[in-house]
Structure formats: structure tokens, C-alpha cells
Amino acid sequence: MAQVDLTFPAPTAPAVRVGCDCAPGSDGVGPEAARAVAQTFKALGDPTRLHLLAIVGAHHGGEACVCDLTGPVGLAQATVSHHLKILVDAGFLTREQRGRWAYYALVPGALAHVAEQLAQVVPAEVPGDRLGAAPA
């Protein structure tokens, strides 16, 4: 039977990064701010919630009764109410109880605030990155 050599060559010097002049950057936003921004985006991360925001925003008078929202999204009233509560807690909608029904309206400036939050987390222009650049 042939003998197999199981020895490995001795390690060489660690690789040197040629041409890297990376300077340590800032840590960006802190953990608490990151959690708050993530919670905001989590509220927007569900297609049903985005649909509900669009419906409320387009509804006559800028507000909608929960009874008007169940049909368009095709979900039970309890499920729609759950999604609406998340949007209220995240600061996107206001809720006003009128007798038996709850009415929801968009919070003025809430979507602009999301853009501001994102700008705090991710700079608009990252050196060497094309995210903030205009198309060529």
C-alpha cells in the first residue's frame, strides 16, 4: 500500500495588505439608536402594514375607520387592528376612538422622520461607494 504524506508545510509570515490605507471610522450610531431605527423599519417591513399606510393616506379626509380597512387587505378585523397598533406604536398613525370604531390618520412628517433616521445611520455619501452617486 502506498504511503501518504500527512505533514503540512510550516506556516509563512502573515499576509500583508498592500495599498490599504484604511483609517478607522466612527462607530456610527449607538446600540440604542440602532434598535430604535430597526424597530421603525420592522414596522414598515410587513407588506400588509405598508398597504394599510397607503390606504389610510389615500382615504378621503386623510383618515380611515378600521371597518374600512379590513376589506381591502382581506384580513380579519382583529388582525388588521394588530397591524394598526404596530403602526401607531411606531409613530406612523394616530388612533382616535369614536364610539364603537377606531379611526386612523397618518402622523404628519412621520415618513420624513424615517428618512432622517436612515440618514443618521447610513451617511448619504460613502467614499468609494456609488449608493449616493447620481447615475452615470
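Reply: What follows starts with the basis of the model, goes through the strands and their charged residues, and then turns to the helices.

This is a predicted model, in which local features need pLDDT of at least 70 and side-chain atom pairs count only at pLDDT 80 or more, while totals for chains, interfaces and linings use all residues. Residues are numbered from 1 along each chain as its sequence is written, and side-chain values use heavy atoms, with hydrogens and water left out.

The secondary structure of the protein chain consists of five helices and three strands. Both kinds of element are DSSP runs numbered from the N terminus: helices are H or I with at least four residues, strands are E with at least two. Along the sequence the order is α-α-β-α-α-β-β-α.

The strands pair through β3. Strands are taken as paired if DSSP finds at least two bridges between them. Strand β2 (residues 93-98) runs antiparallel to β3 and is joined to β3 by six bridges.

The charged residues come next. A salt bridge is counted where a side-chain nitrogen of Lys or Arg lies within 4 Å of a carboxyl oxygen of Asp or Glu. The structure holds four of these. In one of them E63 is joined to R98, with the closest N and O atoms 2.9 Å apart. This pair links distant parts of the chain, since E63 is in strand β1 and R98 is in strand β2, 35 residues apart. R98 also forms a salt bridge with E96, where the closest N and O atoms are 3.2 Å apart. Through shared partners, E63, E96 and R98 belong to one network of salt bridges.

How exposed are these three residues? Buried means under 20% relative accessible area, exposed means over 50%, and partly exposed is in between, with a 1.4 Å probe and protein chains only. E63 is partly exposed, at 26% relative accessible area. R98 counts as partly exposed because its relative accessibility is 33%. E96 is partly exposed too, at 42%.

R98 has a further contact: its charged end sits over the ring of Y103, 4.2 Å from the ring centre. The criterion is NZ of Lys or CZ of Arg within 6 Å of the ring centre and within 35 degrees of the ring normal.

Another salt bridge lies within a helix. The side chains of D89 and K85 meet at 2.7 Å, N to O. D89 and K85 both lie in helix α4 (residues 77-89), four residues apart, which is about one turn of the helix. D89 counts as exposed because its relative accessibility is 55%, whereas K85 is partly exposed at 49%. Helix α4 also holds V80. V80 is buried, with a relative accessible area of 0%. The C-alpha atom of V80 is 7.4 Å from that of L69, a residue eleven positions away along the chain. For the protein chain, buried residues make up 20% of the 136 residues.

Helix α5 (residues 110-121) contains V121. V121 counts as partly exposed because its relative accessibility is 33%. With F41, L118 and V122, V121 makes a nonpolar surface patch of about 290 Å². Patches are made of residues with over 30% relative accessible area and no salt bridge; like charges are joined within 9 Å, and nonpolar side chains (Val, Leu, Ile, Met, Phe, Trp, Tyr) within 5 Å. The areas come from the Shrake-Rupley method with a 1.4 Å probe, and for residues, only the protein chains shown count as cover. Q120 lies in helix α5 as well. Q120 counts as exposed, with 64% relative accessibility. The C-alpha atoms of Q120 and A33 are 9.3 Å apart, although the two residues are separated by 87 residues along the chain.
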